[in-house]
Amino acid sequence: MARRNDERRAALVDAAIEVLAVEGARGLTFRAVDTAAGVPNGTASNYFANRDDLLTQAGARVYERLQPDEAAVARLREGATDREAYAVLMRELIGRISAFRAGYLALLELRLEATRRPELRAVLTERVRADVDANVAYHRESGLTGDATAVKLLYLAFNWLIVEQLTLPGVFSEAERERLIDAAIERIVPQ
């Protein structure tokens, strides 16, 4: 029977994210999560039915923590609808993800693990599809220039830019990253 202390469960899932980021999926054990969370051995096993349950909950939690706060969304909705608005939006997104480096690295580990675990694949597929759909819907509602294809192309381009920045930060300098953001927007988003 799983425990119901929601605060403790969240701390354990956050610890699992840290373990995934540092040790990879193979290093994700209940004992490693207990150690990372600073709780007695055996605690995580009281909160999660099995390792698959822990992986699935870690994936959901990463997406929760990567959501922009309401103030950021409000600022973006008040802005312009041209290419410069895209630049602001993309820089905010890259900054938010970079600030939660462990979460994005854990998500990469979870994606790899999902190739071997159908339940996790289903959860991540549903979540990523929902995010893409939400981005397209936001785009339409905000009146930004361009279409759904532009949104999807930016999503794909910037995901890999983020991977480079978080895993091999020496590939592109900060100045190069800024120029690449502008160039991608200029080439993908119509006037």
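Colleague: What makes α1 and α2 roughly perpendicular to each other?

Modeller: α1 and α2 pack at an angle of about 105°, with their axes 8 Å apart. Axes are lines fitted to C-alpha atoms, for helices over the stretch in contact, and angles run from 0 to 180 degrees between N-to-C directions. Roughly perpendicular covers 65 to 115 degrees (under 35 is roughly parallel, over 145 roughly antiparallel, the rest oblique). So α1 and α2 count as roughly perpendicular. The model is predicted: local features need pLDDT of at least 70, side-chain atom pairs count only at pLDDT 80 or more, and totals for chains, interfaces and linings use all residues. Residues are numbered from 1 along each chain as its sequence is written, and side-chain values use heavy atoms, without hydrogens and water.

Colleague: Which residues of α1 and α2 make the contact?

Modeller: From α1 come Ala-11, Leu-12, Ala-15, Ala-16 and Val-19. From α2 come Ala-32, Val-33, Asp-34, Ala-36 and Ala-37. Contact means heavy atoms within 4.5 Å.

Colleague: Why is Leu-20 called buried?

Modeller: Leu-20 lies in helix α1. Its relative accessibility is 0%. Buried means under 20% relative accessible area (exposed is over 50%, partly exposed in between; 1.4 Å probe, protein chains only). So Leu-20 counts as buried. Leu-20 is in contact with Leu-55, Ala-58 and Leu-110, among others, leaving aside neighbours within four places in sequence. Leu-20 and Leu-55 are 35 residues apart in sequence, but 9.2 Å apart in space, C-alpha to C-alpha.

Colleague: How do you know that Glu-113 is buried?

Modeller: The relative accessible area of Glu-113 is 8%, so Glu-113 is buried. Glu-113 lies in α7.

Colleague: What makes the pair Glu-113 and Arg-117 a polar contact?

Modeller: Their side chains are joined at 2.6 Å. A polar contact is a pair of N or O atoms within 3.5 Å; within protein, one must be able to donate a hydrogen and the other to accept it, and residues adjacent in sequence count only if both atoms are side-chain atoms.

Colleague: How do you know that the reach of α4 is close to the expected one?

Modeller: α4 has 16 residues and reaches 23 Å from its first C-alpha to its last. The expected span is 1.5 Å times one less than the number of residues. Helices (H or I, at least four residues) and strands (E, at least two) are DSSP runs, numbered from the N terminus.

Colleague: What covers the buried residues of α4?

Modeller: The cover includes α1, α2, α6, α7 and α8. Leu-55, Ala-58 and Val-62 are among the buried residues of α4.
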